[in-house]
Amino acid sequence: MNYLLLIYSNEAQFGALPESELKKMTDEYMDFTKSIVQAGQFKAGDRLKPVASASTVRVRNGKAAITDGPFAETREQLGGYYLIEAKNLDEATAIAARIPGARIGSIEVRPVWPPMT
Amino acid sequence: MIEEIFRREAGRVLATLIRLLGDFDLAEEARQEAFTAALEQWPQHGMPDNARAWLINTGRNKAIDRIRRDILFRTKIADRELASAAADEIVFDDVDEAVFGDDRLRLIFTCCHPALNAEAQIALTLREVCGLSTQAVARAFMVSEETMAQRLVRAKKKIRDAAIPYETPDASVLDQRIEGVLGVVYGVFTEGYAATAGPELIDVELCGEAIRLGRLIETLLPNHAAVMGLLALMLLHDARRRSRVSDAGDVVLLDDQDRSRWDQSEIAAGLALVEKSLRVPGNVSTYTVQAAIAALHVKGGENEPKDWPQIVGLYEVLLRLQPTPVIELNHAVAVSMVDGAARALNLVDSLAARGKVTQYHLLHAARGRFLQQLGRFDEAREAYQTALKTATLEPERRLLAARLAELQGQ
């Protein structure tokens, strides 16, 4: 099964980290990514631009309404994601727990429907 | 006779069918069909040598038939491949007791998986592990059968969609997951022990189910300190169940209870488990400490003084492991028996001042008791009245009213 690991964290808090901390975090992310690529569990993954650059699309009564910002104001924002392959939820949550951002934010684990055939 | 076999084997048969078939609903239907087949065939052809193996085999074959039938109605290639692979993979060759035990343990860990919400964990465990009907589980939680059925459907859908595994967890997370399982069992027990609202104080059925679950887990995971601690705790509380409420439905406090109504076999089993649990090396479990406290409450004869200093000491251990307001309050009550009501009142006031439990009626009831013992009757009356405002259980309300009556004219 494929799982999407959504990395939520507080942007302001993340932005306030000292340079050395940020560098350490980046290195940890590179190590983590390399390890799941090597384990054959990596499908895709990206870091997202700040939430201020987000727009939300809703279609109501056939009309698309585009609004500024994320779909809901929350304390934490979606900052990045990994698409991984894992044999079950326990394996997926174990990988999610290894994401450096899990320590300061939270990771949402979403099972992905298999492609339509 | 056949019904008795069904009752005894229902849990094992279901657990193994879930492993073989990989789906709760399919397994439940398969078990039902196997039971129906047994009712038809056993009286005619005689009992099989191994009823359990027969039921599992028959259930599995019925499920394979069903999968094959479903394939005919499906057009998607992926589904067809998946279904025939599933049908081929099922090989039944194990009637080993250890394997059945493993299956039941797998089922418990799946039902108590932390990715399910707490309500769903309890409902699924009672339904799938204890084998209670959806109606019985609904009654226990005072919701409609329809609401409970939906809750169970949602939980099973989450298991399927998120691929929650049917496995005993890895050693690296095993202790943490066992804590989760024990939390579910204790949740069932406490729900039964003091229903949160309404006229009846004790729901016997849920306490019994929780103890049966505790015993099952203790058999499947022998010599685990926390497992033994929880089972001991439940047994020692349950032993006093019949004396905890008078015939009129009033609360009877521990020291006023009729000891001849205590269940001595449960007490003996509980005391032995506390000892065994304390001998397991490693960190002591909070359940074991609580059980040790319960043990000190039931030990000794009617007129023997209780070992209150040791009870205070155990509460202090418990406070270090799990600093919760409820434990602080119980600690204060124990302190009142050793150092007197004045020191206990200080502890309770400090707890109240931290603002964590202002709505908590037991805190005000304890305050009232300490103030009454100190002869500060007006303040005691006020405290009992505050307690009455938030107490919901009828027997507890009657106890508070009786205390207020004692204060009349003082």
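In what order do the four strands of the open sheet in chain A stand? The order is 2-5-1-6, with antiparallel pairing. Strands pair if DSSP finds at least two bridges between them. Strand 2 (42-47) and strand 6 (106-112) of chain A are at the edges, each with a single partner strand, so one side of each has no neighbour in the sheet. Neighbouring strands are turned by 20° against each other on average, direction ignored.

This is a predicted model: local features need pLDDT of at least 70, side-chain atom pairs count only at pLDDT 80 or more, and totals for chains, interfaces and linings use all residues. Residues are numbered from 1 along each chain as its sequence is written, while chains are lettered from A and ligands numbered from 1 in the order in which they are written.

**Chain A**

Helices (H or I, at least four residues) and strands (E, at least two) are DSSP runs, numbered from the N terminus. Chain A has three helices and six strands. Their pattern along the sequence is β-α-α-β-β-β-β-α-β.

| Element of chain A | Residues |
|---|---|
| Strand 2 | residues 42-47 |
| Strand 5 | residues 77-85 |
| Strand 6 | residues 106-112 |

Strands 2 and 5 of chain A pair over five antiparallel bridges. A:Phe42 has A:Ile84 of strand 5 as its bridge partner.

**Burial**

A residue is buried if 20 or more other C-beta atoms, placed from the backbone, lie within 10 Å of its own. Of the 117 residues of chain A, 16% are buried. In helix 11 of chain B, 15 of the 15 residues are buried, so this helix is largely enclosed by the rest of the structure.

Note on methods:
Buried ≥ 20, exposed ≤ 12 C-beta atoms within 10 Å, placed from the backbone. Axes fitted to C-alpha atoms, helices over the stretch in contact; angles between N-to-C directions.
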